[in-house]
Amino acid sequence: MLAAMSFIDRIVRNTLTSFCAILLLLMVAFTVYSVVMRYVFENPPVWGDLLTVLSNIWLVFFALALTVRDKDYIALDLIYSWLPPKVSFCIQQFWSMVIFGLGLVMIIWGIEVVTTMGGKYWEMWYFAWEDGQIVFKPNYMPKKYAVAIVPISGFLVCVAAIASICEDVFRLRTGTYKWSKDVDIQS
């Protein structure tokens, strides 16, 4: 069971890392293309800046889930080193639960924002699923597509926080818990 969970965890991490790498690459490509078109050919695309910003936003939200899973968010390592191991464990679990709560907030209000978001990006076309196939829509892209990352990221943050809590509890029980990547805590 533990091996299967570790395998799934590795797949999810690698997938999210790949998405982040692709979004970073796209962000650079959109920026370079827009700059070249603007200053060399004096014909910038109307969609270049928007796609750069959207790639950046989605990258940051995907990376949030990765940082929660790796416990690389604001960790009070100095304070943890001064406290007894069980106390530092409890504080870390508290922060993981707070992050889980943040993920729930992102899901709940993110879904509300997506469902009530009005307006469209005039400079963007989009693809939609209709009649069992993907179709190209030559009119404007709804703004709700851009903010859909909020509930998606909220779900990923909740899963990452739960996985971190479960992993820490398991490691504390087996005596292999670490409050830092460099220090072992013996129960």
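## Helices packed side by side

Q: At roughly what angle do helix α2 (residues 48-69) and helix α6 (residues 149-174) cross?
A: Take each axis as a line fitted to C-alpha atoms over the stretch in contact, and let angles run from 0 to 180 degrees between N-to-C directions. The axes of α2 and α6 come within 7 Å of each other. Their crossing angle is roughly 10°.

Q: What kind of model is this?
A: Local features need pLDDT of at least 70, side-chain atom pairs count only at pLDDT 80 or more, and totals for chains, interfaces and linings use all residues, while side-chain values use heavy atoms, with hydrogens and water left out. Residues are numbered from 1 along each chain as its sequence is written, and what you're looking at is a predicted model.

Q: In what order do the elements run from the N terminus on?
A: Helices (H or I, at least four residues) and strands (E, at least two) are DSSP runs, numbered from the N terminus. By that count the protein has 6 helices and 4 strands. From the N terminus on, the order is α-α-α-α-β-β-β-β-α-α.

Q: Are α2 and α6 roughly parallel or roughly antiparallel?
A: Angles under 35 degrees count as roughly parallel, over 145 as roughly antiparallel, 65 to 115 as roughly perpendicular, and the rest as oblique. The angle here is roughly 10°. So α2 and α6 are roughly parallel.

Q: How do the residues in the contact of α2 with α6 divide into nonpolar, polar and charged?
A: Contact means heavy atoms within 4.5 Å. On the α2 side the contact includes W58, F61 and F62, and on the α6 side it includes I149, V150 and L156. Ala, Val, Leu, Ile, Met, Phe, Trp, Tyr, Cys and Pro count as nonpolar, Asp, Glu, Lys and Arg as charged, and the others, Gly among them, as polar. The tally is 15 nonpolar, 2 polar and 2 charged.

Q: Is the crossing of α4 and α6 left-handed or right-handed?
A: Helix α4 (residues 85-116) packs on α6 at about 160°, with axes 7 Å apart, and that makes α4 roughly antiparallel to α6. A crossing is left-handed if the near helix is turned anticlockwise from the far one by less than a right angle, and right-handed if clockwise. For α4 passing α6, the crossing is left-handed.

Q: How many nonpolar residues are in the contact of α4 with α6?
A: By class, this contact has 7 polar and 1 charged residues. The nonpolar ones number 19.

Q: How far apart are the end C-alpha atoms of α6?
A: A helix's expected span is 1.5 Å times one less than its number of residues. α6 has 26 residues, so it should span 38 Å. The model agrees with that, giving 37 Å.

Q: Is M27 buried or exposed?
A: Buried means under 20% relative accessible area, exposed over 50%, and partly exposed in between (1.4 Å probe, protein chains only). M27 is in helix α1 and, leaving aside neighbours within four places in sequence, it contacts T52, S55, N56 and L59. With a relative accessible area of 15%, M27 is buried.

Q: What percentage of the 187 residues is buried?
A: In α2 the buried residues include L50, L51 and L54, and in α4 they include S88, F89 and Q92. Across the protein, the buried share is 33%.

Q: What is the relative accessibility of D131?
A: Most residues other than glycine have a negative phi. D131 has a positive phi of about 50° although it is not a glycine, and its place is in the loop between β2 (126-130) and β3 (133-137). It counts as exposed, at 79%.

Q: Where is E42?
A: E42 is another non-glycine residue with a positive phi, about 50°. It is exposed, with a relative accessible area of 68%. You'll find it in the loop between α1 (2-39) and α2.
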